[in-house]
Amino acid sequence: MSDDDFLRVTDVSKWYGDEQVLNEVSFEMNRGDVTVLIGPSGSGKSTMLRCVNRLAEAQEGSIRLDGEEVLSPDLDVNALRREVGMVFQGFNLFAHLTAVGNVALGPRRVLGLSEAEARDRAEAQLERVGLGEQFDSYPAELSGGQQQRVGIARALAMQPKLMLFDEPTSALDPELIGEVLEVMHGLVDEGMTMLVVTHEMSFAREVADEIVFLDDGHVIERGPPEQLFENPEEDRTGRFLERIASHD
Amino acid sequence: MSDPGTLALAAIASVAADLPAGAALAALAFIGEAADWEFVVSNADYLGVGALLTIGITVASILLGFVVGFPAGAVEVYGDGLLERAVSIVGIVLRGTPIVVILIVMYFVVGVPQINLGVVSISSAMTAGILGLGLRSAAYQSQIFRATLSSVDDGQLEAGRSIGLSRFEAVRYVVVPQALRRSIPGFQNEFTIVLKDTSIVFAIGLAELLTRGYDLFSEQTTAVLEVILFISAIYFVLTFTTNRALDYLGDHYAIPEGESA
């Protein structure tokens, strides 16, 4: 794979008041890469993810996506988010809209597609995530796994060049995690560029090109999964992975 | 006991007090005095005009209240700086001022003009009444919408932003539709209150339903209860049908909920 530095995060720092939550975080991704951010809760990994589409504001550093500076004050954030899909831990589906309505809203209102075109696109995306039977169901009528798949379809409908996953399976009952991971596996196979925060270590191990271990706002260690899982260089990484493993 | 208002109160009180006893029958006979019902019926058109005035002022005030109150509530939730503070302060002042004072200020101090709409012209008292009641309703409605807009989970707005909607669009397409649904119960309350508070416009010389009733039973003091009952029935029908219509609206637009949710 060529080294195109599609996403280059350089020395990103962020504070909430006096508390520093990100401390000079750096990593790079190429187009088509899957990078997984891991770390204990409160380590800053979700915040890092949210800085990439500016749902959180980094105060220092640089995030370059496809050659453009994401942190520039002149950046059109709506244009940025059009191209960067996001999947939330708590799904955050629009409660008043059906599955199709959820997925069609962006194409309709952001991309300016006609009602019919937006619906067609929404149906195609829902079929892509295996929800061909649930077009007209409301979020509250769907299981958690189905809701999260609608969430993924909603992001995909914008045809993003980068997908952000913020603990997409953490709010799910164990028996529903598999269906969401399956959809994510499918995206990896299609060559989607994905930045994923997750505690699903087996998923990380299988699909990640690189794992970034964050603790206390610092990148402690990063590298391919084999290296991180088999021979972590840092004690903290090893201890964290052992703790996670003992819960599986 | 020559004051008709006192008489009316006494009549209602006696009915309420006597109902459990056998005297309820006597009360019914009293209510059923044929001559007095004839008096009500013969003045039905007089009261009807009052009812129309009441409906007109209520509808106009509620609409004005919505058109002004909804944005005001939104500014209180999403706005900041000077605008947010100004809206909030105006709301506090309007809610904290007795409605009679608001009406008198509108009519005598501000001196709103007569409005000609070609076909109909709205007297300056009517304009003052609608403005007064409407702006006060806006102040109350803004709080209904402030509460329901804030009650929509932040994740909804964030998800809207994440697909590239601007803040305004995300509020418009994601938060507002949910907030409006949750506003219906509060709105039913507000409608009922405005409907009954329209009687206050007598303070600036407008003869709506209750004022006309008062005029009638002052004229024929034996018909106090009949007039009051007749007027109450009109208020009840107005309140009941509107509330049922809003119930229907609420049911129709209700967001389906699953068993497992």
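Reader: How many residues does the contact take from chain B and from chain A?

Author: In this predicted model, the contact takes 21 residues from chain B and 23 residues from chain A. Helix H8 (154–162) and helix H9 (167–197) of chain B are the elements that give two or more residues to the side of chain B that touches chain A. The largest share of that side, six residues, comes from H8(B).

Reader: What makes up the side of chain B that touches chain A, by class?

Author: That side has nine nonpolar, eight polar and four charged residues.

Reader: Which residues of helix H6 of chain B are called buried, and what makes a residue buried?

Author: A residue is buried if 20 or more other C-beta atoms lie within 10 Å of its own. In helix H6 (residues 99–110) of chain B, the residues B:Ile102, B:Leu103, B:Met106 and B:Tyr107 are buried.

Reader: Why are the buried residues of H6(B) said to line one face of the helix?

Author: Seen down the axis of H6(B), the buried residues fall within an arc of 115°, so they line one face. An α-helix has 3.6 residues a turn, so residues three or four places apart point the same way. On the other side of H6(B), B:Val101, B:Phe108 and B:Val109 are exposed.

Reader: What do the buried residues of H6(B) pack against, and which residue follows the helix?

Author: The buried residues of H6(B) pack against helix H7 (124–151) of chain B. H6(B) is followed by B:Gly111, whose phi is positive, near 65°.

Reader: Why is chain A called as compact as a globular protein of its length?

Author: Chain A comes to nine helices and ten strands. The radius of gyration of chain A is 18 Å, close to the 18 Å that the globule rule gives for 248 residues, so chain A is as compact as a globular protein of that length. Buried residues make up 48% of the 248 residues in chain A.

Reader: Which residues touch the most other members of the largest nonpolar core?

Author: Of the 103 residues in this core, A:Val103, A:Ala153 and A:Leu164 touch the most other members. The largest share of the core, nine residues, comes from H9(B). Leaving aside neighbours within four places in sequence, A:Val103 is in contact with residues including A:Ala122, A:Leu126, A:Val150 and A:Ala153. Apart from this core lies another, of 13 residues, among them B:Tyr214, B:Leu216, B:Phe217 and B:Ile228.

Definitions and conventions:
Residues numbered from 1 in each chain as written. Chains lettered and ligands numbered in written order. Predicted model: local features only at pLDDT ≥ 70, side-chain atom pairs only at ≥ 80, totals over all residues. Contact = placed C-beta atoms within 7 Å. Helix = DSSP H or I, 4+ residues; strand = E, 2+ residues; numbered from the N terminus. Nonpolar A, V, L, I, M, F, W, Y, C, P; charged D, E, K, R; others polar. Buried ≥ 20, exposed ≤ 12 C-beta atoms within 10 Å, placed from the backbone. Arc of directions from axis to C-beta. Core = buried A, V, L, I, M, F, W, Y, C linked by C-beta atoms within 7 Å. Rg over C-alpha atoms; globule rule 2.2 N^0.38 Å.
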